[in-house]
Amino acid sequence: MTKEKMNKEKKGCSASEKTDRVLFYFRKEVWILLAVTITGILYNVGLAAGPWFEGQLVQCLCDILSRRRDAGDMLKLAAWYGAVIAFVQLMRFLKRLYVRKFANNTGKRMKMTIYRNLLHQDLMHRNAHQDEEAGAMMTRILADADACAEGMRKFTTEVFDTGVVMVAYLGMLLTYDVRLTLLSMIFPPAACLLAEKLKVLVTRNAALSRESSARLNSATLERVTHGLTYRLYGRERGCEKAYEADLTDYEKKAVRANIWENAMQPVYQVISMISSVLILWFGAQNVLGNGWVSWDVAAFTTFFACYLKLAVKASKVAKLFNAVQKARVSWNRIRPWLGEPARDPLLRKICSADLSVRSLTFSFPGQKPLFSQVSFQAEPGEIIGITGEIACGKSTLGKLFLGEFPYEGEILLGGKRLSGDGKAFETCTGYLGHQPELFSGTIEENICLGEPGDVWPVLRAVCMEAEVKALPRGIHTVIGSGGVRLSGGQQARIALARTLYFRKPLLVLDDPFSAVDPGTEEAMFSSLRIWGKESVILLISHRLAMFPQMDQVLWMENGRVTAGDHNLLMDTVPQYRRLFEAQRKETDEHEENRKK
């Protein structure tokens with residue numbers, strides 16, 4: 001997504017167009033809805049031609065039997081009928097296509113908004129859902145998003161397929177007999193009124209079915225995850241009984257919801273059809289010349305066929321009521337998740353902040369300190385190199401800035417102590433582990449995680465632009481299970497691109513250059529200088545080629561940490577000097593061999 005497109009998206013979310021308002025989603029699809037309107041009017045107005053042609057065909061058959069017309073007239077009329085129906089069905093196809101595109105785009109936009117919010121809020125720590133499992137919660141949230149999109153689709157569809165076509169049918173009926181039309185319109189509104197009264201009951205049963213489905217999903221996950229434990233302790237039978245109870249409850253509530261939603265449809269239709277008896281009686285009087293107006297067979301057939309179609313449409317108003325009611329209930333539930341993601345206020349306060357580490361000490365339970373009395377300070381834009389012997393605690397030190405382990409001493413970022421429940425760490429610290437975690441999805445999805453933006457700048461920063469462009473679908477290439485397999489170095493650079501994409505005041509990078517060549521390492525380090533101008537970067541590495549360019553270096557050895565710049569450590573720490581010189585010699589020899 002380009003910057004221009006991002007700016008347009010931001011402008012689209014003005015004060016009058018918030019993502020937690022229904023109107024926002026209609027406005028976002030205005031051109032598709034315009035196509036729906038044009039094709040919907042042509043289709044539904046064209047439907048009124050069907051009863052007229054049916055009446056004319058019946059009248060033509062009567063005229064043929066009385067020898068006033070011949071079969072050629074019937075064929076011409078049938079040909080015109082077929083042409084009109086073909087055009088009407090084409091409009092129907094286009095309308096349905098655009099309505100489905102509208103629903104798909106709306107559902108996708110809702111889910112992406114929800115997804116972005118979930119990224120910025122800890123599901124397991126929200127007060128309103130402390131006792132609720134995240135799996136069940138996610139099931140309901142996504143089901144409600146689908147219900148909202150489906151309700152909007154049905155509303156958009158029925159505005160034309162029910163509203164416009166009923167107006168067209170009613171207009172045709174009034175042209176034939178005003179009094180009989182008004183008389184026959186008694187029962188269809190009664191069916192609509194009944195549907196309106198029952199919509200709350202239908203919605204309640206649908207909600208109970210969804211809640212039961214969520215419980216069943218949670219029970220299924222629980223059974224699969226802890227099946228071995230239940231079997232070892234002889235609780236497997238009890239687990240099965242509880243699961244069967246959840247399954248039975250879901251089956252009952254799903255059936256009840258389907259009955260209320262679907263079984264009432266024939267009832268509404270029967271009520272709407274009662275007026276057909278009146279039409280048969282009074283319509284026959286019109287044909288015989290004893291009624292309110294004078295009809296021929298064509299008029300009677302057209303009127304009766306037109307009313308039947310109108311009655312069927314009227315009975316389907318119930319579906320519209322039910323869909324809109326369910327969508328309204330679902331909308332109220334997911335609306336809190338549809339606002340703009342709430343940024344943690346701590347992040348705003350300490351953005352581009354100094355880092356201060358004072359007397360930092362850590363030890364695993366029952367063991368001597370892994371390291372102690374670590375102290376150093378850093379300003380935004382500085383890169384701090386952390387290195388040392390194998391198993392000296394480099395990675396553990398980096399994880400302390402994520403709140404992974406309790407520690408002694410202080411870690412201050414912008415004067416705020418990073419401790420407690422870990423929330424401060426989540427909002428302030430970006431992290432790249434030495435084993436990059438990528439999921440099955442596109443390269444773009446692995447980098448931006450649902451956040452809108454352009455991923456190409458960070459791909460260039462990690463020297464992956466050319467390699468990604470060479471892939472079959474560029475940033476839309478699927479990686480992971482079932483997708484393109486990347487090398488270890490490529491995976492590490494994709495993970496680093498993700499870390500740079502989500503800029504944080506503090507970045508902890510654990511061995512980001514381990515699988516790249518020296519030239520790529522130097523280019524990536526230069527990019528870190530640019531991308532990290534507003535961040536403090538802690539770069540953990542066993543490769544020391546870039547350490548002369550570090551602002552500070554931390555050398556870890558035997559539980560002690562020596563801080564200083566590269567030159568100071570070369571003079572005061574013999575082991576650091578020997579390691580650096582050995583690596584430099586190895587690099588020089590490799591370069592000479594490569595040139596040969």
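This report walks through a pocket, a sheet, a surface patch and a salt bridge in a predicted model.

Some ground rules: residues are numbered from 1 along each chain as its sequence is written, and side-chain values use heavy atoms, with hydrogens and water left out. As the model is predicted, local features need pLDDT of at least 70 and side-chain atom pairs count only at pLDDT 80 or more, while totals for chains, interfaces and linings use all residues.

Let's start with the second largest pocket, which holds about 420 Å³ of space. A pocket here is an open set of points on a 1 Å grid over the protein atoms alone, where a 1.4 Å probe fits, with protein on both sides within 12 Å along at least five of seven lines; lining residues have an atom within 4 Å of a point. The volume is the space filled by probe spheres set on the points. Of the 18 lining residues, Pro 518, Ala 545, Gln 583, Arg 584 and Thr 587 are the closest to the centre. Helices H21 and H23 each give two or more residues to the lining, and H23 gives the most, with 8 residues. By type, the lining splits into 7 nonpolar, 4 polar and 7 charged residues.

Helices (H or I, at least four residues) and strands (E, at least two) are DSSP runs, numbered from the N terminus. Here are some of the elements:

| Element | Residues |
|---|---|
| Helix H3 | 30-47 |
| Helix H5 | 71-119 |
| Helix H21 | 518-531 |
| Helix H23 | 574-595 |

Next, the sheet: 4 strands form an open, antiparallel arrangement in the order E2-E1-E4-E5. Two strands pair if DSSP finds at least two bridges between them; E1 and E4 have 5. Ser 356 has Leu 412 in E4 as its bridge partner.

On the surface, Val 30, Trp 31, Leu 34, Ile 38, Leu 42 and Phe 87 make a nonpolar patch with about 630 Å² of accessible area together. Patch residues have over 30% relative accessible area and no salt bridge, and nonpolar side chains are joined within 5 Å; areas come from the Shrake-Rupley method with a 1.4 Å probe. Helix H3 gives the most, with 5 residues.

Finally, there are 14 salt bridges (a Lys or Arg side-chain nitrogen within 4 Å of an Asp or Glu carboxyl oxygen). One joins Glu 29 and Arg 109 at 2.8 Å, N to O, linking parts of the chain 80 residues apart.

Conventions: Nonpolar A, V, L, I, M, F, W, Y, C, P; charged D, E, K, R; others polar. Patch = residues over 30% accessible without salt bridge, like charges linked within 9 Å, V, L, I, M, F, W, Y side chains within 5 Å.
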